[in-house]
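Me: I would like to learn how to read a structure like this one, feature by feature. Could you walk me through it?

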Amino acid sequence: MKLIYSRPKSLKRAVFHYCPGCGHSIVHRLTCEVVDEMGIQDRAVGVPPPGCSVFAYYYFDVDMVESAHGRGAAVATGIKRVSPDSVVFSYQGDGDLAAIGTTETVHAANRGEKITAIFINNAVYGMTGGQMAPTTLVGMQTTTTPYGRDKNIEGYPIKISEMLGLLDGVAYLERTAVNSPANIRKTKKAIRKAFQTQLDGLGFAMVEILSPCPTNWKMTPLESWQWVDKEMTKVFPVGVIKDITGKKDAD
Ligand SMILES: Cc1ncc(C[n+]2csc(CCOP(=O)(O)OP(=O)(O)O)c2C)c(N)n1
Ligand code: SF4
C-alpha cells in the first residue's frame, strides 16, 4: 500500500490540547512538515510563549526553549547568536508579540536578527479568557470590551507586520490565514520561505497567520473560518508585505 499522508517526523505523537477548530494545531503541523521537508529537525530550535501554545514543547520534536511572555524575539536572538548554525524560530500569539513583546519584536527586527517569527494573530488573548488584544477589531466584543472595542478609548487594531515592514533589518514578511485548504497551503509556503530566509542569512523573517479562536470568538469552527474572511482580512489583508529575498515561491 502506498503511504500518502502521515504524521510529520518532527511532530510528537501527542494529543493536542487545543479547542476544536483552533488555528494553533494547523500551524503546528505545517511548521513540522516544513522542518521535515527542509531536513532541519536536528538544527531547529523553537521558542514558544506563554499563551494557548505554551505547551508547544510537548508537540514539536525539536529543541525547544520556553520564553517569558513577550520575550520570544530576545530569547531567539540569544540562541541564534551563540549557535548560528541553528535554525531558530519563535512561535508567538498577538498578545505576546504585539503587546507585551512589542519592544523585543521591533528591535530584533530592526537589528536584522537572522531568526524566524511565527506570529499567530487570533485577535484576542486566548489562553487567559478572551481579553482584548492589540489586534482586536474595532467593535469586536471581548471580555474586556463587552460593548465592543471603541477606537476612541482603546485605539485601533495594530498592524505590526506593516510597521515592521518599514525596518531595514526585515527581509521577509507575509500575512496568511489558516481558514481554508488554499490558505493553509499558502501558509505552509510562507513558513518555508521564512525558514529559507534565515538559512540564507538575509535578516529577520516573519509570517503573521490569521488564526481562528472559535472558543473566545463564541463561534462554531465553520463560523470562525468565515469570520476570518469576512472581517479579519478587511483589517489585516493577506499577502506579502515585504520580500527582499529575490526568490519566487517554490510550489
Ligand atoms: C509577564 C506576564 N504577564 C501576563 C501573563 C498572563 N498571560 C499568559 S498568556 C497571556 C495572553 C496570551 O495571549 P496571546 O499572546 O494572544 O496568545 P493566545 O493565547 O491567544 O494564543 C497572558 C496575558 C504572563 N504569563 N506573564
Ligand atoms: S482558546 Fe482559542 S487560541 Fe486557545 S486553544 Fe482554544 S481556540 Fe485555540
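This is a predicted model: local features need pLDDT of at least 70, side-chain atom pairs count only at pLDDT 80 or more; totals for chains, interfaces and linings use all residues.

Me: Let's start with the sheet. In which sense do strand 7 and strand 8 pair, and over how many bridges?

Reply: To read a pair of strands, look at the sense and the bridges. Here strand 7 (residues 170-177) runs parallel to strand 8 (residues 204-210), with seven bridges between them. One residue to look at is Arg175, which stands opposite Glu208 in strand 8.

Me: What is the order of the strands in the open sheet?

Reply: Seven strands make up this open sheet, with mixed pairing, and the order is 2-1-3-4-8-7-9. Strand 2 (63-64) and strand 9 (239-243) are the edge strands, each pairing on one side only.

Me: Now the salt bridges. Which residue forms a salt bridge with Glu33?

Reply: The general idea is to look for a side-chain nitrogen of Lys or Arg within 4 Å of a carboxyl oxygen of Asp or Glu. By this rule there are eleven salt bridges. Glu33 has Lys188 as a partner, with the closest N and O atoms 2.9 Å apart. Glu33 is in helix 1 (residues 23-38) and Lys188 in helix 7 (residues 181-199), so this pair ties together parts 155 residues apart in sequence. Both Glu33 and Lys188 are buried.

Me: Which helices do Arg192 and Glu37 lie in?

Reply: Their side chains meet in a salt bridge, Arg192 to Glu37, at 3.5 Å from N to O. Arg192 belongs to helix 7 and Glu37 to helix 1, so parts 155 residues apart in sequence are tied together by this pair. Arg192 is partly exposed at 29% relative accessible area, and Glu37 is partly exposed at 45%.

Me: Is Arg175 buried or exposed?

Reply: Arg175 is buried, at 0% relative accessibility. Its side chain meets that of Glu162 in a salt bridge, 2.6 Å from N to O. Glu162 is partly exposed, at 29% relative accessibility. As for networks, shared partners join Arg29, Glu33, Glu37, Lys188 and Arg192 into one.

Me: Last, the ligand. Which residues come nearest to ligand 1?

Reply: Begin with the shell, then look at individual contacts. Of 16 residues around ligand 1, the nearest are His24, Cys52, Asp94, Asp96 and Gly126. An oxygen atom of ligand 1 is 2.8 Å from a polar backbone atom of Asp96, and there is a contact of 2.8 Å to a polar backbone atom of Gly126. The protein covers 72% of the 600 Å² of accessible area that ligand 1 has on its own. Helix 3 gives the largest share of the shell, four residues.

Methods: Residues are numbered from 1 along each chain as its sequence is written. Chains are lettered from A and ligands numbered from 1 in the order in which they are written. Side-chain values use heavy atoms; hydrogens and water are left out. A residue is near a molecule or strand if one of its heavy atoms lies within 4 Å of it. A polar contact is a pair of N or O atoms within 3.5 Å; within protein, one must be able to donate a hydrogen and the other to accept it, and residues adjacent in sequence count only if both atoms are side-chain atoms. Accessible areas come from the Shrake-Rupley method with a 1.4 Å probe; for residues, only the protein chains shown count as cover. Helices (H or I, at least four residues) and strands (E, at least two) are DSSP runs, numbered from the N terminus. Two strands pair if DSSP finds at least two bridges between them. Buried means under 20% relative accessible area, exposed over 50%, partly exposed in between (1.4 Å probe, protein chains only).
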